[in-house]
Amino acid sequence: MRYEGKLFRPPSEADAYILQATIGCSHNLCLYCAMYRDKTFRVRPLEDNLADLREAGRRLGGRVEKVFVADGDALIMEMDDWRAILSVAREAFPRLRRVSCYAMARNVLGKSDAELAELAELGLTLLYLGPESGDPETLRRIVKGGTFEEHVEAAERAHAAGMALSVIALLGAGGTARSEAHAEGTARLVTAMDPEFFSALTLTVIPGTPMARMQEKGLFELPDMAGLLRELRCVVAEARPTDALFRTNHASNYLPIGGRLPRDRGAILEVIDAALEGRIPLRPEWARGL
Ligand code: SF4
C-alpha cells in the first residue's frame with residue numbers, strides 16, 4: 001500500500017480502506033483549500049492501483065467493507081480505470097459493501113448517464129460532493145469551479161444513476177460580507193440537491209492559502225463563533241431535504257451535532273439555540289482540527 005503525501009477522507013470513511021488512485025485535485029484552486037497544494041494532479045498507473053488493492057486484499061481482505069478512493073476528485077478517472085478498480089476491489093474484499101470518493105460537480109457532468117449507472121452498478125454507490133455554499137457569489141469568490149445549477153444537475157444525474165450523495169457545506173465560506181446570503185443559498189442548494197447525507201464543516205483560514213492572503217489584506221473576514229452558529233441555524237431551519245442524515249461531527253466544528261433532517265429539525269435547532277445562548281459548551285479552539 002503506497003501512499004503519497006497527506007491523505008484526507010470524510011469522517012464516515014474512518015473504517016474504509018483508502019486507495020489513493022489519483023494524486024491531488026484536478027481543480028486545486030479553491031481559495032481556502034490547502035489539502036493538495038503540494039501535489040500536482042495525476043492519475044496513478046492502473047497497474048499500481050490494482051497491485052495495491054490485491055495486496056490489501058491479501059492482508060485485510062475479510063475485514064474490509066468499505067473502500068474510499070482518494071484523492072480530491074477521483075471521479076475524474078477514465079471509465080477503464082474505474083471498471084478495473086471496482087472489479088478488483090470486489091475480488092479483493094469479499095465483504096465489500098460500498099465504494100465512495102470525493103467528486104466535483106464537473107466530474108459528474110463529465111460522465112454520461114450510462115457511465116454513471118455503470119459505475120453505480122459496479123459498486124461506486126456514494127459520492128461526496130462539497131459545493132460548500134449555495135450562494136452564487138460565494139461560489140464565484142471561493143473559486144469552487146461549479147455553479148449552483150451545475151451542482152443541482154450533478155446531484156440529479158448521480159441520483160438517477162443510483163448513487164447516494166453526501167453533500168458538504170462550509171460555514172464561514174462567504175465571510176462576514178456574504179454570511180446571510182451564504183447560509184440561505186446553502187439551504188436552497190441542499191434542498192435542491194436532496195442528498196442522503198449532509199454535513200457542515202467550519203472554515204479555518206490556513207496560512208499560505210489565497211484566502212489567508214485575502215484575510216491579511218482585509219478582503220476577507222471570517223464570522224465569529226456566534227456568526228458561524230447563526231449560519232448553521234439558518235441552514236438547518238431552511239433546508240428541506242427529503243430525508244438526510246445530518247452531521248457536524250467534523251473536527252473543524254464548534255458544535256458537534258447530528259440527526260435526521262427534516263425529522264429532527266426542532267431538536268437540532270434547540271441545541272444550536274442553547275449554544276448561541278451559552279447554555280452548552282462549545283468545542284474549544286485548541287481541540288478543533290481541519
Ligand atoms: S475541489 Fe476540493 S480538493 Fe480541490 S481545491 Fe477545491 S476543496 Fe480542495
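Predicted model: local features only at pLDDT ≥ 70, side-chain atom pairs only at ≥ 80, totals over all residues.

Reader: How many helices and strands does the chain have?
Author: The chain comprises 10 helices and 10 strands. Its radius of gyration is 19 Å, close to the 19 Å that the globule rule gives for 290 residues, so the chain is as compact as a globular protein of that length.

Reader: And what does the C-alpha trace span along its principal axes?
Author: The span is about 55 × 40 × 35 Å.

Reader: What share of the residues is buried?
Author: Of the 290 residues, 43% are buried. As for contacts with a separation of 6 or more, 80% of them join residues 24 or more positions apart.

Reader: Let us turn to helices. How does one describe two packed ones?
Author: One gives the angle between their axes and the distance between the axes.

Reader: Then at what angle do H6 and H7 cross?
Author: The axes of H6, residues 148–161, and H7, residues 179–193, cross at roughly 25 degrees and come within 9 Å. Angles under 35 degrees count as roughly parallel, and therefore H6 and H7 are roughly parallel to each other. The crossing of H6 past H7 is right-handed.

Reader: Which residues meet there?
Author: From H6 there are Phe-148, His-151, Val-152 and Ala-155, and they meet Leu-189, Ala-192 and Met-193 of H7. By class, this contact has 6 nonpolar residues, 1 polar residue and no charged ones.

Reader: What about H4 and H6? How do their axes cross?
Author: Their axes cross at roughly 55 degrees and come within 8 Å. That angle makes H4 oblique to H6. The crossing of H4 and H6 is right-handed.

Reader: Which residues make that contact?
Author: H4 contributes Asp-113, Leu-116, Ala-117 and Ala-120, while H6 contributes Arg-157, Ala-158, Ala-160 and Ala-161. By class, the contact of H4 with H6 has 6 nonpolar, no polar and 2 charged residues.

Reader: I would like to look at Leu-116. Is it buried or exposed?
Author: Leu-116, which lies in helix H4 (residues 113–122), has 23 other C-beta atoms within 10 Å. A residue counts as buried at 20 or more, so Leu-116 is buried.

Reader: What does Leu-116 touch?
Author: Leaving aside residues up to four places away in sequence, Leu-116 touches Lys-111, Arg-157, Ala-158, Ala-161 and Met-163. The C-alpha atom of Leu-116 is also separated by 9.4 Å from that of Met-79, 37 residues apart along the chain.

Key: Residues numbered from 1 in each chain as written. Axes fitted to C-alpha atoms, helices over the stretch in contact; angles between N-to-C directions. Helix = DSSP H or I, 4+ residues; strand = E, 2+ residues; numbered from the N terminus. Parallel < 35°, antiparallel > 145°, perpendicular 65-115°, else oblique. Left-handed = near helix turned anticlockwise from the far one by under 90°. Contact = placed C-beta atoms within 7 Å. Nonpolar A, V, L, I, M, F, W, Y, C, P; charged D, E, K, R; others polar. Rg over C-alpha atoms; globule rule 2.2 N^0.38 Å. Buried ≥ 20, exposed ≤ 12 C-beta atoms within 10 Å, placed from the backbone.
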